[in-house]
Amino acid sequence: MNSLLPHLHFRRCEVLLIEPNESIEFDFATLLTGGDGLRRTLKWLALAPHLGQPVEVDAAQRELLGRISPSRWIQLQDLEADIPVVEQLLSLGLLVTKEPGLHDAHRLRDERMRSAYWHPLGAVLHAFTRWDEVDAVKNMKESGTETALEMRQVLGAPPTEARRIAAEDEALIRLPEVPHNDFDELMHRRVTCRNFDAARPVPLATFSKIIERALAAQSRVAVTDDMVFLKKNVPSGGGLHPMEAYLIVQNVEGLAPGLYHYRADAHALESLPSPPGALSDFVMEAVAQQHWFRDAHVLIVLAPRFDRTFWKYRQHAKGYRVVALEAGHISQTLYLSATDLGLGAFITGAINEQHLERALGLDPTTQGALAICGFGWRDKVMVTAELDPGSKIWA
Ligand SMILES: Cc1cc2nc3c(=O)[nH]c(=O)nc-3n(C[C@H](O)[C@H](O)[C@H](O)COP(=O)(O)O)c2cc1C
């Protein structure tokens, strides 16, 4: 590489944040010497989303990164720098080269990041909060926070359930009680479902209706041949509807269990290759081992194409938030739609995104899973807790 280096053009990767990081581990030895039993390690981490993993950098590397532009190609002669430091940063992927043939994967991923117009903080948040092989249930068990009472014991009291500004309730301006109608009743029956009846398949028509209400396009508006907007039942930032839905169908009459992509513009499914092993194992890994969702008849991976929204909202401070908020709109519509037809629905944010990216072929520089929601017939027996204080579902 030394002989090549003087001829190369390079620049810094586009998005990079440097974090002074502390990791804390239990260390019995420090207890014996009068310490607190914890070993603290401080290091500088480079958070470059196109790499997917944080990388440790030393003082020389950090200093050089601050002197190299992410937008202008330079050569070694334009820079007063130690050749080995430049080489290290090139192999780490924090510097990228213009010439193909050297560290191509880093350059290509950096180019895809650039083409998606991420806001740097959105890109870092998204890239470094993705899970792989996380067992959320084990983590709750180990921290002793499985039940509400355990949480109170371990975490102390939470902030109050509602903010109060007036010191006395007499100061409240009471709003009129308007009689309930069917819509109110439907909303009161919306209870997150954590108990599914695996013995009863969902009819195809019911499945189709629930999906249509939450995900389908009602119509299509072609401004030009290559700029088309869809109208859906849920709002969307900029009207761009970046959210794709990947379905894990487990128990629907007339549909082979497996993975599908939903085509919102055609209200149709596209088959995807089956994951290896049992589908229920795939589901368990996807929902970070939350066994109460294993028997859900249908699970929906909400996976936006960030580049569609960021095409309009380029490096926009609100871009990532706008996309994330849409998952909530879809989920609530799905909950109400399922509830209306007598089924139960759920959403979970505790998901192993990297497992899903691999199985669904999602490029993490432009797309990614944000949440999984799903629905199915509720079981007759409640094994896992559901929040139904008004006995709207569970008599
Ligand atoms: C964004 C989001 C993420 C959630 N993640 C989980 C989850 O990981 N596991 C779970 O069992 N429930 C999850 N829930 C469901 C909540 O626990 C549930 O909404 C809450 O307990 C209130 O109950 P309700 O929906 O029946 O009113 C999530 C809800 C939301 C809105």
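I will begin with the basis of the model, then turn to the overall fold and the pocket.

The model is predicted: local features need pLDDT of at least 70, side-chain atom pairs count only at pLDDT 80 or more, and totals for chains, interfaces and linings use all residues. Residues are numbered from 1 along each chain as its sequence is written, and side-chain values use heavy atoms, with hydrogens and water left out.

The protein has 395 residues, and 43% of them count as buried, meaning under 20% relative accessible area with a 1.4 Å probe, protein chains only. Its secondary structure comprises 13 helices and 13 strands, taken as DSSP runs numbered from the N terminus (helices H or I, at least four residues; strands E, at least two). Along the principal axes, the C-alpha atoms fill a box of roughly 75 × 70 × 55 Å.

Now to the largest pocket. A pocket here is an open set of points on a 1 Å grid over the protein atoms alone, where a 1.4 Å probe fits, with protein on both sides within 12 Å along at least five of seven lines; lining residues have an atom within 4 Å of a point. The volume is about 530 Å³, counted as the space filled by probe spheres set on the points, which are joined across faces, edges and corners.

Which residues lie nearest its centre? They are Glu146, Met151, Arg194, Thr384 and Ala385, out of 19 lining residues. Helix 6 (136–142) and helix 7 (148–155) are the elements that each give two or more residues to this lining. Helix 6 contributes the largest share, three residues.

Key: Buried means under 20% relative accessible area, exposed over 50%, partly exposed in between (1.4 Å probe, protein chains only).
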